[in-house]
Amino acid sequence: MHFEDLQADYQSQIVFEKISARLSTGEITTLLGLNGSGKSTLMLLLAGLKSANEGTVEAIGEKIFYLPQKNQVFDYLTVEELLTINQTKDLTRLNRLIELFGLKSLLQRDISLLSGGQQQRAWLVYALSQPAEILLLDEPLTYLDLKYQQRFFEALIWQQQAGRTILLSLHDIIFAARCSQNIWFLTNNKLVSGTARKMLTGKNLVDYLELSSNYAQMLLSAIRREEVYEKRSTTD
Ligand SMILES: Nc1ncnc2c1ncn2[C@@H]1O[C@H](COP(=O)(O)OP(=O)(O)OP(=O)(O)O)[C@@H](O)[C@H]1O
């Protein structure tokens with residue numbers, strides 16, 4: 001999937017203009033940016049749910065699934081009913097996801113009566129079980145406790161290894177650094193993109209996320225420590 005010279009606005013307020021990028025097939029890309037920088041808007045455009053004022057999006061022959069930041073059901077629907085709406089799903093994958101996200105004991109419960117994190121787990125299983133080549137997941141970590149953030153990380157790596165192309169929007173750059181090959185920053189109506197290694201620099205965190213340089217350095221040290229830990233843990 002790629003897009004060129006995209007422009008979006010709401011009632012003549014420009015969100016971004018002339019942005020272009022390619023979503024690398026089979027890789028995980030994370031979209032970072034301040035509140036209101038346009039991450040959800042870009043996902044809506046890529047999913048074909050909002051039309052661009054200018055520019056083009058091309059995803060020939062690729063099925064796209066978009067999970068919005070806020071999800072709700074308007075009728076009483078159990079978790080099981082939600083997860084079986086689309087019968088064309090791969091049941092082996094669905095059952096493994098149900099297990100991974102601890103939904104077995106919640107299958108008969110009404111979604112609207114679950115806690116925020118339990119609802120998010122149901123929506124994530126719903127999203128990850130869709131038969132789509134491209135997954136657009138808007139702030140998937142919202143409400144998740146650390147246990148299920150870790151499970152979500154495992155699910156992401158599994159899905160990437162199964163050949164899916166994934167675009168996430170996140171505010172957690174440590175999580176982004178762990179899972180992403182590519183980082184896109186939305187900043188001042190523009191998109192700046194590159195490999196995670198190249199993009200996660202102190203200067204970019206200060207310039208694009210408006211962090212103080214001390215906080216940016218602290219996060220980058222945590223990312224470096226994590227890299228060392230991960231290298232060590234693969235040889236343990
Ligand atoms: N339906 C809408 N009508 C009018 N303006 C909107 C609408 N949706 C979003 N906006 C505005 O467009 C801009 C981009 O919003 P968007 O939701 O894409 O940002 P975001 O980067 O996803 O933010 P966040 O990190 O807070 O989720 C913001 O200024 C927002 O106020």
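Here are some friendly notes on the structure above, point by point.

1. Ground rules. This is a predicted model, in which local features need pLDDT of at least 70, side-chain atom pairs count only at pLDDT 80 or more, and totals for chains, interfaces and linings use all residues. Residues are numbered from 1 along each chain as its sequence is written.

2. Overall build. The chain has nine helices and nine strands; these are DSSP runs numbered from the N terminus, with H or I over at least four residues for helices and E over at least two for strands. Its radius of gyration is 18 Å, close to the 18 Å that the globule rule gives for 236 residues, so the chain is as compact as a globular protein of that length. The radius is taken over C-alpha atoms, and the rule is 2.2 Å times the number of residues to the power 0.38. Along the principal axes, the C-alpha trace spans about 50 × 50 × 30 Å.

3. Of the 236 residues, 34% count as buried. The cut-offs use C-beta atoms placed from the backbone: buried means 20 or more others within 10 Å, exposed means 12 or fewer, and partly exposed lies in between. Two residues are in contact if their C-beta atoms, placed from the backbone, lie within 7 Å. Among contacts between residues at least 6 apart in sequence, 68% join residues at least 24 apart.

4. The six-stranded sheet. An open sheet of mixed pairing runs in the order β5-β6-β7-β3-β8-β9. Its edge strands, β5 (64-67) and β9 (190-195), each pair on one side only. Pairing here requires that DSSP find at least two bridges between two strands. Strand β8 (residues 182-187) meets β9 in the antiparallel sense over six bridges, and phenylalanine 185 stands opposite valine 192 in β9.

5. Lysine 190. This residue sits in strand β9 and is partly exposed, with 14 other C-beta atoms within 10 Å. Leaving aside neighbours within four places in sequence, lysine 190 is in contact with Phe16 and Ile19. Glutamate 17 is 173 residues away from lysine 190 along the chain, yet their C-alpha atoms are separated by 6.4 Å.

6. Strands β1 and β4. Strand β1 (residues 2-10) pairs with β4 in the antiparallel sense over four bridges. Glutamine 7 has glutamate 54 as its bridge partner in β4. Of the five residues of β4 (residues 54-58), the number buried is zero, so this strand lies largely in the open.

7. The ligand shell. Around the ligand are Tyr10, Val15, Gly33, Asn35, Gly36, Ser37, Gly38, Lys39, Ser40, Thr41 and Gln69, where being near requires a C-beta atom, placed from the backbone, within 6 Å. Helix α1 (residues 39-46) gives the most to this shell, with three residues. By class, the shell has two nonpolar, eight polar and one charged residues. Nonpolar covers Ala, Val, Leu, Ile, Met, Phe, Trp, Tyr, Cys and Pro, charged covers Asp, Glu, Lys and Arg, and the others, Gly among them, are polar.

8. Serine 112. This residue is in the loop between α3 (91-100) and α4 (116-128). Serine 112 counts as exposed, with 12 C-beta neighbours inside 10 Å. Beyond its neighbours within four places in sequence, serine 112 is in contact with Val73 and Tyr76.
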